[in-house]
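User: Could you please walk me through this structure?

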Protein chains: 2
Amino acid sequence: MTLLCGIDIGGTKIAIGLGDREGNILAQDRILVDPDKSAQELLAEVSLRLGELASGRSFSGVGVGVPGPLDTEAGLILNAVNLPGWADLPIRDILQDSLKVPVLIENDANAAAMGEFLFGAGRGVRDMVYVTVSTGIGGGVITDGKLLRGVRGSAGEVGHMTILPDGPLCNCGNHGCFEALASGTAIARRAREGLEKGEKSSLRGQKISTFSISNAVRAGDPFARRIWEESIFYLACGIGNIIAVLAPQRIVIGGGVANVGDLLFLPLREELKKRVCVAPLEKIEVVPAKNVNDAGLLGALAVACGVSS
Amino acid sequence: MTLLCGIDIGGTKIAIGLGDREGNILAQDRILVDPDKSAQELLAEVSLRLGELASGRSFSGVGVGVPGPLDTEAGLILNAVNLPGWADLPIRDILQDSLKVPVLIENDANAAAMGEFLFGAGRGVRDMVYVTVSTGIGGGVITDGKLLRGVRGSAGEVGHMTILPDGPLCNCGNHGCFEALASGTAIARRAREGLEKGEKSSLRGQKISTFSISNAVRAGDPFARRIWEESIFYLACGIGNIIAVLAPQRIVIGGGVANVGDLLFLPLREELKKRVCVAPLEKIEVVPAKNVNDAGLLGALAVACGVSS
């Protein structure tokens, strides 16, 4: 069996794994990102640990998922907000030199999209959009069975569609981005602002998160329900916009918010029925991601599949 | 030289043309859509006129552009608001039977996108989005050199992205669609509403259109300038959303509004600089369509190029 390696580089940890072309992870390890270590030192540690993990077994390719915009051709990160010191570093070439196998790098949302497409909820279609709803909102677009990179790999940045121009400020500097209205962070902020205004709710005094809000909705809390419905409305605006542009066969929603399950997906589909006017919605599936918890590593493994076999 | 035929079916007229694979139209004719005639009668007339136009020359394929959602596989229109009586009619097979050559049909916005891609402002790139800003807003998406159809050919319906959920009512029944905020119709309505509220302007008493408004802007009319800037803002929201999702190499803007030229494109590019935060805007061209006036016929001719040569 041909083994492949996935490396998922995040702001706090680096996950490494060995797996096969069917998305089975056979061995994995993780390295905490010590801010006192340089990127080069961390990459050397990745190579070392990977050697230990493989323990003599060979692997034919490596896929690396990294945050931020990349120059995939040059194999480097252009601007990594959460990884100072990594910008402009030739990650691909450094790993290729030390591991002696072909290395491909991809931004993490695109990698996760490929992971769902090859190993998860995207199987069986040719056109798919992956949307991750978490701290922010990101995504990846698959058309005709291939990742659509767009200029400098920046396709799929669906979190920065404007859906309410006078809406809340987004981290990007604009107002009313999809991410600023429907991410986990935005949902929690909406609840906190309501509570600050004196709304009565069982949420008062609790840690406010998508998880606690969804539990309060299930328990019948009217304020939590209002927050939830408003959030679903904006989620449907954003997903509806993706449908207007691409009309994909399937939209796969990942990220922590997707873990909420039917409480999210049932009203979301109802809201989409109101909003999608041209595309035949009954032919477009909106489904939860399969690999929510190991999206990063499976994404990196999917990227590794791009190494010619 | 291999000749191809394009047929552009609209609500009021049907344009027919003979051309080559380079987008040169060598002969053309048009038929007014007589509402008293059946679709079958009109199609028979199309075949007859096409025979006259060809006058003995053979053509190897026919492309047909039609309004509305299609079943391209079955070769019929599913729902043509402006062409009652054409729905569910097997247009492709009827024409194929009478013309004895392969026929392909495509919806008109997708056809126009292919026309710009093959013969116009889309030449030289692999990823392009065509946006037509006219009575409504439509479009077509080209990825990796191919038209992205989406489910039932409904990709590229960018006019129905929500960009202001509590905005003006759209023909589709939703509020705040891109089309309801930035189409030629929407720009004119914005001006009319201002005039009705008593705004002072040289536009008063004139026929209100994108053309007259843009002329008033050029002449220094402050009200017209405000209307124009607001319209450009929403145009940038919609184009910016397309960039967020696809980050194409080039966006080609067609339709009557694009005829305005630099008065549109210069401020639009400035506004996009404010709105596009992730994709490298300097690598994304936003350009006017080349074939504004014969977009329909050239689109149909481009569809004909899909007939295997």
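Predicted model: local features only at pLDDT ≥ 70, side-chain atom pairs only at ≥ 80, totals over all residues.

Analyst: Residues are numbered from 1 along each chain as its sequence is written, and chains are lettered from A and ligands numbered from 1 in the order in which they are written.

User: How many residues of chain A are in contact with chain B?

Analyst: On chain A, 40 residues touch 40 residues of chain B, where contact means that C-beta atoms, placed from the backbone, lie within 7 Å.

User: Which element gives the most on the chain A side?

Analyst: H7(A) does, with seven residues. Helices (H or I, at least four residues) and strands (E, at least two) are DSSP runs, numbered from the N terminus.

User: What about the domains of chain A?

Analyst: The assignment, automatic or from a database, gives domain 1 (3–114 + 294–304) and domain 2 (121–288). Their C-alpha centres lie 28 Å apart. Their contact takes 11 residues from domain 1 and 13 residues from domain 2.

User: Now the sheet in chain B: what is the strand order?

Analyst: Five strands of chain B form an open sheet, ordered E10-E9-E8-E11-E12, with mixed pairing. Two strands pair if DSSP finds at least two bridges between them.

User: Which strands are at the edges?

Analyst: Strand E10 (146–148) and strand E12 (285–288) of chain B are, each pairing on one side only.

User: And how do E8 and E9 of chain B run, parallel or antiparallel?

Analyst: They run antiparallel, joined by six bridges. Thr132(B) stands opposite Gly138(B) in E9(B).

Methods. Contact = placed C-beta atoms within 7 Å.
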